[in-house]
Amino acid sequence: YMRYMKSSDILFSDITTRNLRGWIDSIRHTKRAKNMYPTLLKTMFNAGLEEYNDYDRNVIRISNRPFEFLHVPRRDTPEKRSVSPDVLRAFFAYQAKSERSRYAQDVLMLSFCLAGMNVADLYELTPDNYREGKICYHRQKTMGRRADSAYIEVTLPDIARDAFERLKVGRHEGRLLNLSTQHAVRVKCTSLVSVAAQRICAAAGLPALTSYSFRHSWATIARNDVGASVDDVALALNHASAHHVTDKYIRKDFRRVDELNAEVLALVFGIQSPCDEPCEE
C-alpha cells in the first residue's frame, strides 16, 4: 500500500475508499494478496479506531470509514498441488548429484512419511518432541489459535529412519534436527527446500513440486487411493475439526494417524507398517 501511495508517511485520513479501490485494482492479478493485504490493512485501521476514538465521550480523532462500503475480492481457489504415487516414487528414487538436492530429498522424505508434516514444524522440533519412537509436536501455523494447541503424535516409520538420522547430524543444541544449522530463518528453509525440489524435478523430468506438494499428495492419496474419510485425513494433517462441540467430548486417539499413514506409505513405497521399536536418539 505504501508503494502504491508512493509514501511511507501515511495518515489515517489519507486512507480513502477511492485510493483503496485503486490499490486493490492494481493487485487484482494476484491470487491471495488482493484479499489478504486489504484485510490486514483493515484490521490495522480498525485497531486505530479503537485506540484513538472514544465513542463514549464522542471524541472522534479518526472520522473516515474507508472500509465501510469497500468490496474486498475473494482469494483465488488454490490449485491442487498433489501428484501421483508414481511421481513421488520417482522423486525419491532420483540419484541427486548435489548435496543440497540430497538434503532436500531427506527433508521431504521425512515430511511425507510423517503424514505430510510441514517443513516449518520439522524446523522447530526439539529433543523433547521425540518420545518413544514418536514425533509429538504442536503445529506452528495454528498452535496459537486452537484450544488443543494443534497437538499431534506420529510414529516415525522405518523407511524414514535413515533420513531422520542424517538430518540429526550437526544439529544445534536444543534442536532435534539440523534444519536451523542449514538455514538460519525458518521461512527461508521452507523456500530453499522447495527450490531444491524443483531442481530435482527438472533434472528428473517430473512435474514441478514444492514442499507443500508432498503434504497435499499425502492427503490426496489417503482420501482417494486408500479410501480414508475426510475426518481421518484432517486428523492426520492436524487440521481443526469441523465438529467443534463433539470434539470436546472425545479424547483424541492418534493411533488412527499411524494406521492411515502406514496405508499411504504401503501404497507409495510398498512397505507394511511404521516402525514398532523406537529409534535411537
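User: Taking buried as under 20% relative accessible area, exposed as over 50% and partly exposed as in between (1.4 Å probe, protein chains only), which one is Asp54?

Analyst: Asp54 counts as partly exposed, at 23% relative accessibility. This is a predicted model, where local features need pLDDT of at least 70 and side-chain atom pairs count only at pLDDT 80 or more, while totals for chains, interfaces and linings use all residues. Residues are numbered from 1 along each chain as its sequence is written, and side-chain values use heavy atoms, leaving out hydrogens and water.

User: What does Asp54 form a salt bridge with?

Analyst: With Arg57; the closest N and O atoms are 3.1 Å apart. A salt bridge here is a side-chain nitrogen of Lys or Arg within 4 Å of a carboxyl oxygen of Asp or Glu. Arg57 is exposed, at 65% relative accessible area.

User: How many salt bridges does the structure hold?

Analyst: Twelve. One of them joins Asp86 to Arg89, with the closest N and O atoms 2.2 Å apart.

User: Where do Asp86 and Arg89 lie?

Analyst: Both are in helix H4 (residues 85–93), three residues apart, about one turn of the helix. Helices (H or I, at least four residues) and strands (E, at least two) are DSSP runs, numbered from the N terminus.

User: Which side chain meets Asp258 in a salt bridge?

Analyst: Lys134, at 2.9 Å from N to O. That pair links distant parts of the chain, 124 residues apart: Asp258 sits in helix H13 (residues 255–269) and Lys134 in strand E2 (residues 134–138).

User: Is Asp258 buried or exposed?

Analyst: Asp258 counts as buried, at 11% relative accessibility, whereas Lys134 is partly exposed at 23%.

User: Which residues do shared partners join into one network?

Analyst: Asp232, Arg256, Glu259 and Glu263, through salt bridges that share partners.
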